[in-house]
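Here is a short report on one protein model.

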Amino acid sequence: MKRSRFSRCGSGETPSDFHCSSGSDPEDDGSEDSSAPFCFGGRQVPTCLVREVQQMSSSRQEDAAKDVLGVARAAEISPETIAELWHYVDALDEKPAFDLAVQMDRDYVMSPKRAMAFLRSVEGKPKQAAKRLARHFEVKLDLFGASKL
């Protein structure tokens, strides 16, 4: 039987005993083998992720949570980096949408929270963040118009 997608996997004692099923097998009872070494298909992902996280040390779990939430990078961004971001934004040649947004609501556009978000998205590199910030407002203008900047 040819299987195009794996939705359930289990493993035996040896690599040759490793088996996967597509879920369409009449003998497949639909139960999941939580000892499967790999995650295949949508139904295994939560089970596999929980198993993997539980196997991590508590410090590694905290580090992973910080990576997912962006907490670790946020602490590394200084006020000087934010000031450098605004310097690079000012130095950009073409930024009409950004300039229009600043005229409409300077506090919104140039808020430290917004600067931090763009700096985190490029791992704290202000020159890249400046380009991304200007591009953000350009795309926003193209998609939604000037009233939604």
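Residues 24 or more positions apart account for 48% of the protein chain's contacts with a separation of 6 or more; a contact means heavy atoms within 4.5 Å. This is a predicted model, where local features need pLDDT of at least 70, side-chain atom pairs count only at pLDDT 80 or more, and totals for chains, interfaces and linings use all residues. Residues are numbered from 1 along each chain as its sequence is written, and side-chain values use heavy atoms, with hydrogens and water left out.

**Confidence and overall build**

pLDDT is the predictor's confidence in each residue, from 0 to 100. The protein chain has a mean pLDDT of 76. In the chain, 65% of residues reach 70 or more. Over residues 1-32, pLDDT stays under 50. The model has 56 contacts beyond four places in sequence for that stretch.

Eight helices and two strands make up the secondary structure listed for the protein chain. Both kinds are DSSP runs numbered from the N terminus: helices are H or I with at least four residues, strands E with at least two. Along the sequence the order is β-β-α-α-α-α-α-α-α-α.

Of the 149 residues, 27% are buried. Buried means under 20% relative accessible area, exposed means over 50%, and partly exposed lies in between (1.4 Å probe, protein chains only). The protein chain exposes about 10,300 Å², with 53% supplied by carbon and sulfur atoms. These areas come from the Shrake-Rupley method with a 1.4 Å probe.

**The aromatic pair**

How many aromatic pairs does a search of the whole structure find? The search finds one. The ring centres of Phe98 and Phe137 are 5.9 Å apart and the planes meet at 70 degrees, so the pair is edge-to-face. Rings of Phe, Tyr and Trp (its six-membered ring) pair if their centres lie within 6.5 Å; planes under 30 degrees apart count as stacked, over 60 as edge-to-face and the rest as tilted. Phe98 lies in helix H5 (residues 96-104) and Phe137 in helix H8 (residues 126-144), so the pair ties together parts 39 residues apart in sequence. Phe98 is buried. Phe137 is buried too.

**Helix H5**

Ala97, Phe98, Ala101 and Val102 are buried in H5. Seen down the axis of H5, these buried residues fall within an arc of 140 degrees, so they line one face of the helix. The arc is that of the directions from the helix axis to the C-beta atoms. Pro96 and Gln103 are exposed on the other side of H5. Cover for the buried residues of H5 includes helix H4 (79-91), helix H6 (106-109) and H8.

**Other sites**

Arg114 lies over the face of Tyr108, 4.0 Å from the ring centre. A charge counts as over a ring if NZ of Lys or CZ of Arg is within 6 Å of the ring centre and within 35 degrees of the ring normal.

Glu123 sits in the loop between helix H7 (112-121) and H8. Its phi is positive, about 60 degrees, although Glu123 is not a glycine. Most residues other than glycine have a negative phi.

Arg135 and His136 are both in helix H8. Arg135 and Glu94 are 41 residues apart in sequence and 9.7 Å apart in space, C-alpha to C-alpha. His136 and Phe118 are 18 residues apart along the chain, with 9.6 Å between their C-alpha atoms.

| Residue | Relative accessible area | Class |
|---|---|---|
| Phe98 | 3% | buried |
| Phe137 | 0% | buried |
| Glu123 | 56% | exposed |
| Arg135 | 45% | partly exposed |
| His136 | 28% | partly exposed |
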